[in-house]
Amino acid sequence: MTPAVAEAAIRDFQETVVAVRGQIARAVIGHERAIDTVLTALFAGGHVLIEGVPGIGKTLIVRSLATALNLRMSRVQFTVDLMPADITGTRIVRETPDGRREFAFVPGPLFAHVVLADEINRATPKTQSALLEAMAEQQVTVAGTTHPLAPPFFVLATLNPIEMEGTYQLPEAQLDRFLLQVRLDYPSQAELERILATTTTTAVPAIEAVLPADSAAARVEELRRLVRQVLVAPHIERYAAMLVRFTSPGPGTDDLITRYVTYGASPRGGQALLLGAKVRALLDGRPHVAPADVEEVAHAALGHRLVLNFAAETEGVDRARIIERVLAVAERFRS
Amino acid sequence: MPAGAPTAIARAVRRQLRRLRWRWNGREVLRASARLALVLVVTALGTAIAAMTLSPRAFAVVGSALIAGAGAGSVVALSVLCRRWLSTAGAPTWVDGRARLQGRVATLLAFSRRATSDHELLGLLAWQNETRLPEWAPRRLVPHVVPRRDVTGALLAMLALLLVWALAPLVRPPLPGPGGHGHAGAAPDANGPADTRASRDVARGETLSALVRRAATVQARIVDELWGSEWRRAVEAAAPDAESPDDKSVAQHRQEAEPNTTTRRASAGGSADQDARSMRGMPGARAEGVAASDAMGDRRAPRDATPPGPTDESAPSGVQQPARGAGTGTNAQLFGPSDDVLPPGEDRFAVGLAADVHAPRAGSRPPSGEPPPTEEDRHPSVAARQRAARAVLRPLPPAAYEPLVRELYHRGGAAP
């Protein structure tokens with residue numbers, strides 16, 4: 001790839017992301033950072049866990065994203081009685097034109113490019129596992145037959161932090177499957193006023209597709225490949241590994257981590273750091289990752305991978321504070 | 001858009017990096033040198049001023065503080081140099097940070113050696129580096145090779161030192177008048193409240209004594225350099241029995257520490273710094289070899305001293321006066337001060353066993369050089385009287401007493 005071609009590809013990436021972001025912003029007011037994180041996870045090839053109280057715009061973000069990218073989208077409202085076959089698909093008996101009966105596979109809602117798993121913690125662990133397996137393998141197996149999921153396969157699962165009764169919290173091992181986590185905060189006063197003004201009239205914000213329908217999936221895959229080509233120097237890899245290692249309590253770790261963290265981030269956390277950093281580098285027009293890119297995604301990539309102990313809960317130490325400390329401790333290894 | 005090979009661009013980047021490192025490190029070395037020079041010159045300046053104005057004890061304290069400060073300052077300057085030294089490995093990231101290149105240089109250099117086909121963006125990175133080479137040109141990142149502030153500071157300090165050196169004779173205290181005691185104003189006696197200082201010094205013991213003694217030696221040398229050794233000789237010649245304030249303070253210290261033994265030394269003018277000075281062959285030390293050996297009651301001449309010749313009879317042989325033929329390698333007061341000032345009837349003397357002997361090997365140094373030339377007899381009349389005086393070697397009894405003595409001591413037999 002010549003420098004001119006590479007530069008054009010990076011510019012195309014930037015323009016696509018900016019356009020998608022702009023289209024989403026027509027429907028979603030505020031949450032710019034959350035939208036950036038969602039887009040980062042999409043182009044990094046991972047999945048996103050969105051945490052937020054009801055009515056804050058989680059579903060709207062996902063819908064708007066799918067519309068802007070012109071990708072096929074499905075939504076699954078997770079409930080206690082949801083079965084794995086309800087999301088993966090099932091085999092039914094079908095009569096052929098010649099009168100014979102045979103089993104045919106009916107794909108479930110997972111067979112889409114963008115899947116919104118709403119309130120994932122309300123489904124049973126069995127159904128959660130079916131989803132998470134599809135997320136990891138990019139395929140589902142029904143009745144001994146494996147069905148690959150068409151790329152790009154992007155899952156956005158939402159978590160409702162309140163109304164915890166009757167829910168099944170995702171185990172840490174399954175949380176680890178999500179590349180990034182997004183926490184949606186309450187909108188500000190100005191944003192809330194704008195939300196009220198735009199959503200209570202007859203006018204419905206129209207989101208236009210940025211990518212053509214027939215090549216949208218291919219274009220997203222192309223952009224994902226470009227992300228993988230971003231250069232990461234050894235000292236950046238060292239820095240990312242250092243960040244991951246510093247989240248685990250052990251000898252030589254910071255006191256705050258030793259006191260409040262039971263388990264630190266896994267190597268998947270390091271992968272998430274670098275993949276997210278690569279997207280940030282491309283968005284900045286660079287073919288290589290800088291330490292600032294890694295730091296920018298550190299909260300989203302590492303936060304949900306930390307298992308805090310009871311002391312942290314009682315003393316009000318949250319994951320953001322732990323990550324901040326880790327970044328501060330690793331400052332000297334930055335370059 | 002030019003599409004230079006990444007390896008070629010990486011080579012150019014390395015070359016520029018090397019030039020930048022030379023420039024930066026050269027400046028840092030200059031800065032460290034200037035700071036070291038500043039520290040040393042300021043220390044020398046402070047020492048010179050302290051030597052001219054303070055008593056030996058105060059000079060010892062101030063000098064120690066100055067030396068400690070100089071050591072600390074040197075360590076700081078060197079540690080700053082080490083910290084700011086631009087190594088080969090750290091230079092790329094340093095340039096990235098300094099020129100806000102966001103890791104471009106470090107990444108290019110890291111990948112240029114292991115470029116493979118899957119690094120398709122390397123060409124773009126190399127091109128970006130090529131276009132940004134002027135942004136971190138050595139002259140741009142390090143505009144001045146000479147750290148002006150540090151060098152100016154060092155030069156000013158040197159100037160101040162030279163100024164003090166040049167002006168020191170102007171502030172030289174006047175010579176004492178006939179019968180005067182010490183050189184007035186030469187060194188203000190900083191002993192302060194003598195009682196408290198004495199008690200403190202006694203509590204400190206011999207360590208402080210040695211420190212003060214050494215400091216006094218250094219101070220005497222500095223004063224010699226600044227005010228000239230002729231001035232000191234003139235002071236000594238004008239008031240040979242007078243003590244300098246330095247001597248007084250050291251002697252006082254000794255007196256406080258060893259009241260039984262040092263009274264005589266202090267009164268005899270045999271101060272500790274003179275001991276040390278004489279050990280180093282300083283002027284005024286040669287004549288005291290014989291006197292010192294006399295002082296301890298041992299009438300032997302110092303081992304290496306030349307025996308006094310005939311001219312010694314007319315030479316001045318007082319305390320602090322050079323003796324003829326004494327040589328240069330003998331401590332005049334090796335065994336303590338002269339006893340020619342002991343109170344009459346006093347038959348005890350102090351043996352200076354702790355006297356410093358500075359020689360390559362144990363023992364005193366052999367005499368070196370030619371013996372001093374014979375001086376003209378300045379008091380021939382006195383010498384004539386001394387020659388005229390005859391010593392009574394053996395009294396002869398009158399001849400009339402002989403028969404009487406023979407008779408008294410006769411024990412029978414024939415008389416002798």
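How many helices and strands are there in chain B? Chain B holds 16 helices and zero strands, where helices (H or I, at least four residues) and strands (E, at least two) are DSSP runs numbered from the N terminus. This is a predicted model, in which local features need pLDDT of at least 70 and side-chain atom pairs count only at pLDDT 80 or more, while totals for chains, interfaces and linings use all residues. Residues are numbered from 1 along each chain as its sequence is written, and chains are lettered from A and ligands numbered from 1 in the order in which they are written.

**Confidence**

- The model scores ipTM 0.80 and pTM 0.66.
- Chain B averages a pLDDT of 69, with 55% of the residues scoring at least 70; pLDDT is the predictor's confidence in each residue, from 0 to 100.
- Over residues 179-206 of chain B the pLDDT stays under 50, and the model has 47 contacts beyond four places in sequence for this stretch, two residues being in contact if their C-beta atoms, placed from the backbone, lie within 7 Å.
- Residues 241-319 of chain B also have a pLDDT below 50, and in the model this stretch has 213 contacts beyond near neighbours in sequence.

**Where the chains meet**

- The contact between the chains takes 17 residues from chain A and 19 residues from chain B.
- On the side of chain A that touches chain B, the elements giving two or more residues are helix H1 (3-27) and helix H9 (234-246) of chain A, and H1(A) gives the most, with four residues.
- That side of chain A divides into ten nonpolar, five polar and two charged residues, where Ala, Val, Leu, Ile, Met, Phe, Trp, Tyr, Cys and Pro count as nonpolar, Asp, Glu, Lys and Arg as charged, and the others, Gly among them, as polar.
- The axes of H1(A) and helix H5 (residues 122-132) of chain B come within 8 Å and cross at roughly 100°, the axes being lines fitted to C-alpha atoms over the stretch in contact, with angles that run from 0 to 180 degrees between N-to-C directions.
- H1(A) and H5(B) are therefore roughly perpendicular to each other, a term for angles of 65 to 115 degrees.
- A:Pro3, A:Ala6 and A:Glu7 of H1(A) make this contact with B:Gly123, B:Leu124 and B:Trp127 of H5(B).

**Two helices of chain A**

- Helix H2 (residues 32-44) of chain A has 13 residues and reaches 18 Å from its first C-alpha to its last, close to the 18 Å expected at 1.5 Å a residue, the expected span being 1.5 Å times one less than the number of residues.
- Just after H2(A), A:Gly45 takes a positive phi of about 90°.
- Helix H3 (residues 58-69) of chain A is mostly covered, with nine of its twelve residues buried, among them A:Lys58, A:Ile61 and A:Val62.
- A:Asn70 follows H3(A) and has a positive phi, near 60°.

**Inside chain B**

- Of the 416 residues of chain B, 33% count as buried.
- B:Ser74 lies in helix H2 (residues 56-84) of chain B, and counts as partly exposed because B:Ser74 has 16 C-beta neighbours inside 10 Å.
- Leaving aside neighbours within four places in sequence, B:Ser74 is in contact with B:Leu36 and B:Val39.

Conventions: Buried ≥ 20, exposed ≤ 12 C-beta atoms within 10 Å, placed from the backbone. Parallel < 35°, antiparallel > 145°, perpendicular 65-115°, else oblique.
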